[in-house]
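The following paragraphs are intended for a reader who is meeting this structure for the first time. Please keep the sequence and the 3D view at hand while reading.

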Amino acid sequence: MSRRGKQEWQQPLLLPDTTPAGGGATRRRRFVAFLVLAAALVASYHHFLAPAPASRYHALFLSLGSNATAAAHLRALTLRPHVAGTEANALAAEYVRAAFSSLSFPTRVTPYSVLLSYPVHRSLSLTVPGRAAANFALVQETYPGDPYGEAAAEVIPTYFAYSGSGSVAAEVVYANYGNTKDYAYLASRGVNVAGKVALVRYGNLHCEDMVRNARAAGAAAAIVYTDAKDYGGAGAGAKGKLKWFPDTLWLPPTGVQVGTLYYGNGDPTTPLWPSCAAGQDCERLSREELEGSDAMPGIPALPVSARDGETILKAMGGDVAPTEWQGGEGAPMYRLGPGPAVLNLTYIGNDTLATIENVFAVIEGKEEPDRYVIIGNHRDAWTFGAVDPNSGTAAMLEIAERLSKLEKKGWRPRRTIILCSWDAEEFALIGSTEWVEDNMDMLASRAVAYLNVDISVFGPGGLSPRATPQLDQLIKEASRMVQDPDDPSQTLYDTMILHHPPIERVAGAGTDFAAFLQHIGVPSLDMSYGSIGEYPVYHSLYDDYVWMEKFGDPLFHRHVALASVWGLIALRLADEEILPFNYISYASELENCTKVVEGGCPRCPASFVPLRKSINHLKKAANKIHQEKMMLHAEKWGLKREEYTVKVRDINDRLMMAERAFINREGLTGRPWYKHMIYASSDQDDWGTKAFPGIVSAVDKANKLNTAESWRVLQHEIYRAARAVSKASAVLDGRLT
């Protein structure tokens, strides 16, 4: 509305002179008619315009950001390391609950009893013929003056959650980044991994895939180290040329990246169904069933530092590794092995049921309380968690404070907003997965979108979002409203579009969006500020408040910018009458992805025609509902209130439920928990992003096997994907066949 129009609406209503005079009855009838007309106008005004425009509150939201608030929350959350299931993490949960409660939001804490994993005993020694055995300390060292030095004693010893327990003494084989191609190369060179200890370095895969690949190659155990080339900075191997944290952002030589080896999502004892609170009876897998599961690593494994990894590599013989397998400047020559170095590894773990707590705050919607816009971040950390995940927690709490201030100004969301603090994400996305499984039917019919921020700030580098495609336009529009904290002359959008692609897809099981998107089909988003390449202290002792204050976000203005765009997206989804989803871009995305998948199968005997046809139908349905939205906007003033409300609800239901149509109840082949036919992780990389994952996996197998059965399976997967796209088209179209 123009400024002049706004002023005109604010003029006082001038009533006519009602003093009786000649023709009093006529005057009274006219006056009554006037009142009826005025009442109708007022009713129309209140229906369409009376509440303060949502955009006014959204602009106010953007003006309320507080660097100091974000910094204070982060400092409080990272005073102690807080692994899931520990007292310190319970205190962190209470901090979040109290923060929500202090803002007068209704809060809820939902506990679950789940299987967590902790180390009991670890030892690692190196034996080389003719030398004394070398024992590794397996300790991340603090530095002089470390303000968290005392609290560092509470950090759980370096380990992999759910690692197999046992002792192994065997020669070492170096397997580079530990992917299937690396093991294929070793086999081509005649290097036998069977019965050996596989030494691999972090980089291209998550640790669970590294250990699975090592086991598949026949290794008896695995050691995963952080190579200085990847985490120590340029020239890391050259003495005297590089400093590390606290002098620079780089990982110190004794730094260790810990993680989980469970190849699944949620509580390992309750796959595909929810766990329950302590003391309640629920079905669980037995220990024997769990140990025999492919989701468990099955072999002992341990993460070690760059210093320890280099010590092992120096003791190895065998052929020289390829150039691309070598370390950085000043590193020793890497050899393939096996031996003559022998590693003696013992790991004993304790996998035990423990209580975790999800914490929620609810802002109930005024017009559509049964529609949920869900904002989430996990709280538990392997160590102090200043970047991962509590930069996201601090941003979420800063958003909550802004929303509380909006409420005091008279704002109420149209739809319900739920803020979620998840627990035990680091172990296997457990807190969010159990809650989604527990509330699956309700969420499937009511959730508008899930908006996640695991890590809000890595450092400089601009906004990095990933989302399902119908959210792309909304992300771009919101990012245009927020100034880039590192370059005030630009917006977050300006720097984001320099990325290629500017918006990536949520597919891998990297964080808490997985259950929402890949299990029940809720449109989802995850975002951060900065580049993960500038975050070498990931999952290590050094991910603390000092690192964030010195390198990640010294002014905490990146936290505020990320919170601004995150919160603005949530507000628009919660407040706009018609959901700001755009499926036209979704159809275009699938069209491009189909070309990529077909390109991976040249001269393929299977036909992709069914998939291409289904995408054409999706394009037509997406354009149709877009036109309906435009027409409804144009007809708004000519429709009765009830008729308009029904049409809005119908369009919103179709926009909201279209993503659900991509869900297949049987799930991906061999991975029934993953039910989304369009986006999921690769079966070779749990963090990898794949469009049409079932087709991609079938293409890979068919290209290798080249059998009639493998091509039949590929054709079946093409039909499965095509049916999912056709279902989404039908939902958007809004008509029964």
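This is a predicted model: local features need pLDDT of at least 70, side-chain atom pairs count only at pLDDT 80 or more; totals for chains, interfaces and linings use all residues.

Tyr-162 and Tyr-262 are both buried.

A further tilted pair consists of Phe-360 and Trp-435, at 4.9 Å centre to centre and with 35° between the planes. Here too, distant parts of the chain are linked: Phe-360 lies in strand 9 (residues 342-363) and Trp-435 in helix 13 (residues 430-438), 75 residues apart. Phe-360 counts as buried because its relative accessibility is 1%, and Trp-435 counts as buried because its relative accessibility is 9%; the cut-off for this class is under 20%.

Ring pairs also build a cluster, which joins Tyr-143, Phe-245, Phe-458, Tyr-535, Tyr-538, Tyr-542, Trp-547 and Phe-551.

The next topic is the contact between two helices. The axes of helix 15 (residues 472-479) and helix 19 (residues 557-575) come within 9 Å and cross at roughly 125°. Helix 15 is therefore oblique to helix 19, and the crossing of these two helices is right-handed. On the side of helix 15, the contact is made by Leu-474, Ile-475, Glu-477, Ala-478 and Ser-479. Helix 19 contributes Val-565, Leu-568, Ile-569, Arg-572 and Leu-573. Sorted by class, the residues of this contact are seven nonpolar, one polar and two charged.

Burial can also be considered for a whole helix. In helix 7 (residues 207-216), seven of the 10 residues are buried, so this helix is largely enclosed by the rest of the structure. Which residues of helix 7 are buried? They are Cys-207, Glu-208, Asp-209, Met-210, Val-211, Asn-213 and Ala-214. Among them, Glu-208 and Asp-209 belong to the class of charged residues. Helix 7 is followed by Gly-218, which has a positive phi, near 100°.

Key. Residues are numbered from 1 along each chain as its sequence is written. Side-chain values use heavy atoms; hydrogens and water are left out. Axes are lines fitted to C-alpha atoms, for helices over the stretch in contact, and angles run from 0 to 180 degrees between N-to-C directions. Helices (H or I, at least four residues) and strands (E, at least two) are DSSP runs, numbered from the N terminus. Angles under 35 degrees count as roughly parallel, over 145 as roughly antiparallel, 65 to 115 as roughly perpendicular and the rest as oblique. A crossing is left-handed if the near helix is turned anticlockwise from the far one by less than a right angle, and right-handed if clockwise. Contact means heavy atoms within 4.5 Å. Buried means under 20% relative accessible area, exposed over 50%, partly exposed in between (1.4 Å probe, protein chains only). Rings of Phe, Tyr and Trp (its six-membered ring) pair if their centres lie within 6.5 Å; planes under 30 degrees apart count as stacked, over 60 as edge-to-face and the rest as tilted.
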